[in-house]
Amino acid sequence: MKAIAIIQDEHRAITAVVEGLRHLVAAIAAGQAAADHALLAALLRYIEQFPERLHHPKEDDFLFARLRLRRPEAAPLLDALQQEHAIGRERFVELKAMWERYRDDPEALPAFADGVERYAHFHWRHMRREEDEVLPLAAAALAPDDWEAIDAAFASNDDPVVGVPASRAFRELFRHLAATMPPPYGVGPQAPARR
Amino acid sequence: MAELLAVDGVTAGYGDGVVLDDVSLRLDEGDTLALLGRNGMGKTTLLVTLMGLTRLHRGRLSWRGADLAALPTHRRSRAGLGWVPQERHMFASLTVEEHLTAVARPGHWNVARVYGIFPRLAERRTNFGNQLSGGEQQMLAIGRALMVNPGLLLLDEPMEGLAPIIVQELMSVVRDLVADSGMAVIVVEQHAKLALSLTRQVIVLERGRVVHRGASEALLADPATLQRLVAVS
């Protein structure tokens, strides 16, 4: 059941970046920080790629798939969550478009800030549902050989797309974010006030 | 794995007051333990007792088979206990680099290696302790504990008051430390799921007594029991 710890850790990582984005955008909107579009782009790149490339496919293909076999009655819950993975992708595309508009036109900041809040709440609700409903169900319903397969998938570092261990690539991007985000959200340099 | 630390029937506290009541635990070299419980249940007192800063009323503490209770605090540190206190204890009059070199003991960990895991500290090497952000202070507190080249790292609420990105970054570093260096770790943390994901075994304290012990993985997979024991929000 090592996958449970890995899933929760990945949820924390995604949430940390989403929360970092929320706070940074709020600070920009409040005039406490200048817009750093390189940093915003890096935050969005992480949110776009980490769940899509590494996290959701493992949930859909391994955890949810095994759970469907063992607990057919959980299908409506799993269908809903799997659909939210797709909805999340669409919402992210909208959010990224809002940022691009803001990057070109500072007047579009309020719309981007609203979009960030909505995305953060959507993500939080989805993740809580997985942790409160799916993981306890999986812990109770899955057999040792299910966990062996799921654990192996979640522990795997292979990523044929980028050609290097995906977890290492995302780890490096995360370190970059932590080192670049201004305090108190990260340990980067103090953000200059908006000019 | 050889036994690193043994706590046998320890009753301890401050002066005549008793906080820990008949606590026992075992930790092998390279093993990891989460110490959980609600506020005021004795978690920090157990770490402080290991460092020799409480009164030991009863019981035995042994470190690699020798009597730990006979050693004063500074010799416990030299013996291999690296303590990262909750308050971090930064010195306003010392630079980052001085914090690290002041406590250095021979071994794997040196200033360059600490800067390797915390590059931000290298950038801030000439800054004083009171010029650091909370995240930087916690990095320095962990780096300073590593400089004594400990066999056991005692982390007292290392994530308290830090932003989620910093918490995740520090967790990754601690996880790498455990995996790569074989260092044993005891972590006290209010965020129970965090502590459980970092460790192999768990002890839960309630009013100074052990009320649960087992595998961290099992408790992580049992949210009802976890909620009952530590009231996770």
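This is a predicted model: local features need pLDDT of at least 70, side-chain atom pairs count only at pLDDT 80 or more; totals for chains, interfaces and linings use all residues.

Me: At what angle do the axes of helix α1 (residues 2-29) of chain A and helix α4 (residues 109-141) of chain A cross?

Reply: Residues are numbered from 1 along each chain as its sequence is written, chains are lettered from A and ligands numbered from 1 in the order in which they are written. Helices (H or I, at least four residues) and strands (E, at least two) are DSSP runs numbered from the N terminus, and axes are lines fitted to C-alpha atoms, for helices over the stretch in contact, with angles from 0 to 180 degrees between N-to-C directions. The axes of α1(A) and α4(A) come within 10 Å and cross at roughly 165°.

Me: Is α1(A) roughly parallel or antiparallel to α4(A)?

Reply: Angles under 35 degrees count as roughly parallel, over 145 as roughly antiparallel, 65 to 115 as roughly perpendicular and the rest as oblique. The crossing of α1(A) and α4(A), at roughly 165°, therefore makes the two helices roughly antiparallel.

Me: How many nonpolar residues does the contact of α1(A) with α4(A) have?

Reply: Residues are in contact if their C-beta atoms, placed from the backbone, lie within 7 Å. Those that meet include A:Ile4 and A:Val18 in α1(A), and A:Phe112 and A:Met127 in α4(A). Ala, Val, Leu, Ile, Met, Phe, Trp, Tyr, Cys and Pro count as nonpolar, Asp, Glu, Lys and Arg as charged, and the others, Gly among them, as polar. Besides four polar and three charged residues, the nonpolar ones number 16.

Me: Which helix gives the largest share of the side of chain B that touches chain A?

Reply: Here 21 residues of chain B are in contact with 27 residues of chain A. The helices that each supply at least two residues include α6 (134-146) and α8 (192-198) of chain B. The largest share, seven residues, comes from α7(B).

Me: Where in chain A is confidence lowest among the helices?

Reply: The mean pLDDT of chain A is 89. Helix α3 (residues 75-104) of chain A has the highest mean, 96, while the lowest, 83, belongs to helix α6 (residues 166-180) of chain A.

Notes:
Two residues are in contact if their C-beta atoms, placed from the backbone, lie within 7 Å. pLDDT is the predictor's confidence in each residue, from 0 to 100.
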